[in-house]
Amino acid sequence: MAEKDVKANGQLEDIIEDKDQKLRIPQKLPILLLRDIVVFPYMIVPLFVGREKSKNAIDHSLSSHRMILLLTQKDMETEDPKRDEVYDMGTVALIMRMLKLPDGRIRILAQGLNRAKIETFEEENGYFAAKVSVVYEPETTEKTLESEALVRNVRTGLEKATSLGKNIPPEVLIIATNVEEPGRLADLTAANLELKVSEAQAILEISDSIQRLKKVYELLAKELEILDVQSRISTEAKGEMDKLQRQYFLRQQMKAIQKELGEGNELQEEIKGYQDKLKKLKIAEEVREELEKQISRLAQMHPESAEMTVVRNYLDWMFTLPWNKSTVDNRDLKKAKKILDEDHYGLDKVKERILEYLAVRTLSKKIKGPILCFVGPPGVGKTSLGKSIARSLGREFLRISLGGVRDEAEIRGHRRTYVGALPGRIIQGLRRAGSNNPVFMMDEVDKIGADFRGDPSSALLEVLDPEQNYSFRDHYLGVAFDLSKVMFITTANLLDPIHPAFRDRMEIIRLPGYTEEEKLEIALQHLVPKQVKENALTPKLIQFTSGAIKKIISVFTREAGVRNLERELASVCRKVARRVAEGKRRLNKITSQNIESYLGPPKIFKDQVQKKDQVGVATGVAWTETGGEVLFVEATKMKGKGGLLLTGSLGDIMKESAHAALSYSRAHFKELGIDNKIFSQNDFHIHIPEGAIPKDGPSAGITMATALISVCTNKKIRWDVAMTGEITLRGNVLPVGGVKEKVLAAQRAGVKKMILPAANKKDLIDIPKVVKKEMEFIFVEVINEVFAFALKKSGGK
């Protein structure tokens, strides 16, 4: 059992009265080891002794001189300390009383006499003993101003500590008032300051009385500061308690008054409901403070106040938002891939990007939601792909259309000062979703407007920036909402109208369009079953053959997506549904032979590319909003003076390309085998059909040059060759964009060979393998290579 410190602060006043007389202290003393107390000279303290060695030391002391060395050990947990585990300085004490307790322990009352330093530490006869050298107080000299000031400061400090609530017995204050010796006052004060063992031991080991008193005064000053702060905290806490009690009393009175008047019961219940919800809500401190403020305002309002509705609506919005509600992501990559493949055929790049995000999400929970932008022509499945992504992730799906939106408040919300104010469409969507990590699709971001009411594109910069949207601040809410867990997907037909800073925040994924084979698979797997079901038919009543669908694709539609294809399929299904409704319940097999009886004559003729070689007619391809289009460039010459006429709603860039082609032809007439007189005796006319449609861009440069050279040399151009590329005055062929869309357009039109700039060879990686097998690609660096391949030799094939 550990010795326990029970403080006693009595003082010996009848011992060592004569400073010239010293008690005779033996050179060797038994040791009583103390765990958690340091005993000072003149201190009377009760001690409980439980260790056998300590009991033996007390027995030996009582049987001889009744003196014992009180020595403190460094670690109170050590049961049998060694020499280096005890302090060197202790206190010689006189055992005044001893009492054996029923539990086997001994209780003694000991009185400190003098400091003593141990010279040896050994065990003998079952107890610890040590040779000691007694450290006597130095002879009292004349009082100095410093010592007198220290003594007075310490006395004043003890009195102040008592006034601040420190528990110091009155007799200690009386003794301190009468003690003149600095050393004795230092020991008396240290014994009553509740010091740590290490601090008390440091005081004990200072033999110089003035230095010891200085150290004690430093500790006393520190204790006074602590007591002062403690007192101030207690006073503030008491004041707060009084305030709360007063508020409680007033509320109870107000309840009683309202009860008598028959008012306020519903409002109080409503406020209590809000307060209960707030306690359960896990939200940021800023949000909590705002809600507490608004609830407090509501409690103080008159029930018929017009502003009460505003505050109530605000609180309803705040409590229904998914501050910390998230759906659990599906982290099974195989299952996610299966869902994506079920919903969409092809689109490998997009699927790969989603699976990459899922893989990283599986490894790390801290990943921010990606911000994707699907760019492509209408009907390629951008919106439906967003739904599929949400299904594969196991998240809620939200969609808003931003086409024609001009007001910034649609994004950021209205300030609550306006009548009928509401949060922006982002926050409204999250409320509908009920989770803070949905898949959020924003359609038509390339069609956002801007006027005097603000620029929604600029407002979206914060929403779609992963470094900022963790603290998106809606004007209506007035507090930050974390959007970093939301997976934003935007869609657009064109990139150019999108604000550059807005575009920079998104990861662009292009969906250029489908090949005929891909459209066939999409129709068989998705569109046909969907239309059969929507028109209340069954596979026993209608059946499409692959040939019928191919014919619809090739001669009834020509598009990058599948929207018109779905319309044609729906038209066939409606006609069959009418027959069924008229009682003709039999299987209607739709084939390539009878499809025209359902849809009428072909709308687009496959022989749009004329299957014969002609002079001055070259087949080009162009990129458009709806994918790619085949473009025919016609050229002819007539008597004149070398002028160039351009028609077909051509833009400035196309006109410049035509002039560059003519200049190259005139500069290299010998090389090209052209009679120079042709340029001075003839005018040239270049025309691109469908004149009502504006056309521009550099990619028709080599096409116009080929048509022009064909007219000048009277050589025919191969009908089965399409081409694209920009021409320079030096005859170099520069790369162009939109290669995939242009190749798919040529393939849809039946072209089998295509001339491309050599620098665009890298773009073939995006071309479907089926198209690569069907078509032959010729890569050129200079215009002469184009002429060599596209122009037939005079009189040859």
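The structure is a predicted model, in which local features need pLDDT of at least 70, side-chain atom pairs count only at pLDDT 80 or more, and totals for chains, interfaces and linings use all residues. Residues are numbered from 1 along each chain as its sequence is written, and side-chain values use heavy atoms, with hydrogens and water left out.

View 1. Strands (E, at least two residues) and helices (H or I, at least four) are DSSP runs numbered from the N terminus, and two strands pair if DSSP finds at least two bridges between them. Strand 9 runs parallel to strand 10 (residues 439-443), and five bridges join them. In this pair, Ile400 stands opposite Met442 of strand 10.

**View 2. Helix 11 (residues 348-363) beside helix 12 (residues 382-393).** Two packed helices are described by the angle between their axes and the distance between the axes. Axes are lines fitted to C-alpha atoms, for helices over the stretch in contact, and angles run from 0 to 180 degrees between N-to-C directions. Here the axes come within 11 Å and cross at roughly 30°. Helix 11 is therefore roughly parallel to helix 12 (angles under 35 degrees count as roughly parallel, over 145 as roughly antiparallel, 65 to 115 as roughly perpendicular and the rest as oblique). Helix 11 makes the contact (heavy atoms within 4.5 Å) through Val350, Ile354, Tyr357 and Leu358, and helix 12 through Leu385, Ile389, Ser392 and Leu393. By class, seven of these residues are nonpolar, one is polar and none is charged. Ala, Val, Leu, Ile, Met, Phe, Trp, Tyr, Cys and Pro count as nonpolar, Asp, Glu, Lys and Arg as charged, and the others, Gly among them, as polar.

**View 3. Helix 10 (residues 333-343) packed with helix 11.** The axes of these helices are 10 Å apart, at an angle of about 155°. Helix 10 and helix 11 are therefore roughly antiparallel to each other, and their crossing is right-handed. Leu333, Ala336, Lys337, Leu340 and Asp341 of helix 10 meet Lys351, Ile354, Leu355, Leu358 and Ala359 of helix 11. The contact has seven nonpolar, no polar and three charged residues.

**View 4. Strand 13 (residues 487-492) and its covered faces.** Six of the six residues of strand 13 are buried (under 20% relative accessible area, with exposed meaning over 50% and partly exposed in between, for a 1.4 Å probe and protein chains only). Met487, Ile489 and Thr491 lie on one side, and Phe488, Thr490 and Ala492 on the other. Five bridges join strand 13 to strand 8 (residues 371-375), which runs parallel to strand 13; Phe374 stands opposite Thr491. Strand 10 also pairs with strand 13 in the parallel sense, over four bridges, and Met442 stands opposite Thr490.

**View 5. Lys519 in helix 17 (residues 516-534).** Lys519 is buried, with a relative accessible area of 2%. Not counting residues up to four places away in sequence, Lys519 touches Tyr514, Ile553, Glu559, Ala560, Gly561, Val562, Leu565 and Arg748.

Note on methods: Left-handed = near helix turned anticlockwise from the far one by under 90°.
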